[in-house]
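Keep the structure open beside the text as you read.

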Amino acid sequence: QVQLVESGGGLVQAGGSLRLSCAASGSFFRINAMGWYRQAPGKERELVATIGSGGRTIYADSVKGRFTISRDNAKNTVYLQMNSLKPEDTAVYYCNANVGVVGSFDYWGQGTQVTVSS
């Protein structure tokens with residue numbers, strides 16, 4: 001019903017920047033929160049940042065001051081601006097969208113690889 005497509009990942013040197021995008025498509029009435037999660041090899045998937053429909057944001061402590069999440073509701077798109085990237089940011093980044101009013105459903109993108117070289 002809902003498809004999420006991420007883009008913007010790639011290889012970057014430490015200190016560089018990337019901007020991830022995630023566009024939602026399909027049949028839905030409302031997207032509630034959207035967010036980004038990441039998973040590094042051998043580690044659990046962790047929350048990076050989320051943003052509610054009204055603009056409220058939550059960030060992981062490890063990315064505060066470096067990453068900025070935003071959304072364009074008209075385009076059903078969420079962005080993650082990643083600055084001052086560090087090697088420890090290397091992971092597969094997954095887009096998440098929570099959809100529904102009465103019922104709530106979470107959808108995930110396929111993931112996009114971010115690799116930060118030292």
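Which side chain does Asp89 join in a polar contact? The partner is Arg38, and the two side chains meet at 3.0 Å. A polar contact here is a pair of N or O atoms within 3.5 Å; within protein, one must be able to donate a hydrogen and the other to accept it, and residues adjacent in sequence count only if both atoms are side-chain atoms.

A word on what you're looking at: this is a predicted model, with residues numbered from 1 along each chain as its sequence is written. Local features need pLDDT of at least 70 and side-chain atom pairs count only at pLDDT 80 or more, while totals for chains, interfaces and linings use all residues, and side-chain values use heavy atoms, with hydrogens and water left out.

Back to Asp89, which sits in the loop between strand 8 and strand 9. Strands are DSSP runs of E, at least two residues long, and helices are runs of H or I of at least four, numbered from the N terminus. The cut-offs are under 20% relative accessible area for buried, over 50% for exposed, and partly exposed in between, using a 1.4 Å probe and protein chains only. Leaving out residues up to four places away in sequence, Asp89 touches Arg38, Arg66, Phe67, Ser84, Val114 and Val116; contact means heavy atoms within 4.5 Å.

Ser84, one of those neighbours, lies in the loop between strand 8 and strand 9 as well. Ser84 is partly exposed, at 41% relative accessible area, and has a positive phi of about 50° although it is not a glycine. Why remark on that? Because most residues other than glycine have a negative phi. Asn76 is another such case, with phi near 50°. You'll find Asn76 in the loop between strand 7 and strand 8, partly exposed at 25% relative accessibility.

Four strands form an open sheet in the order 1-3-8-7, with antiparallel pairing. Strand 1 (2–7) and strand 7 (67–72) each have a single partner strand, so they stand at the edges with one side left without a neighbour in the sheet. From one strand to the next, the twist averages 15°; axes are lines fitted to C-alpha atoms, and angles run from 0 to 180 degrees between N-to-C directions. Two strands pair if DSSP finds at least two bridges between them. Strand 7 and strand 8 (residues 77–82) run antiparallel and are joined by six bridges. Look for Ser70, which stands opposite Tyr79 in strand 8.

Now move to strand 11 (residues 112–117). Its covered face carries Thr112, Val114 and Val116, while Gln113, Thr115 and Ser117 are on the uncovered one. Val114 and Val116 are also among the residues that Asp89 touches. Strand 2 (residues 10–13) pairs with strand 11 in the parallel sense over four bridges, and Gly10 has Val114 as its bridge partner. Strand 9 (residues 91–99) pairs with strand 11 too, this time in the antiparallel sense over three bridges. There, Tyr93 stands opposite Thr112.

Strand 9 also holds Asn96, which is buried, with a relative accessible area of 7%. What does the Asn96 side chain reach? It makes a polar contact with the side chain of Asp106 at 3.3 Å, and it reaches the backbone oxygen of Tyr107 at 3.5 Å. Beyond its neighbours within four places in sequence, Asn96 is in contact with Leu4, Ala33, Met34, Gly35, Tyr37, Asp106, Tyr107 and Trp108.

Finally, zoom out. The protein has zero helices and eleven strands. Its C-alpha trace spans about 45 × 25 × 25 Å along the principal axes. Buried residues make up 43% of the 118. Of the contacts with a separation of 6 or more, 53% come from residues 24 or more positions apart.
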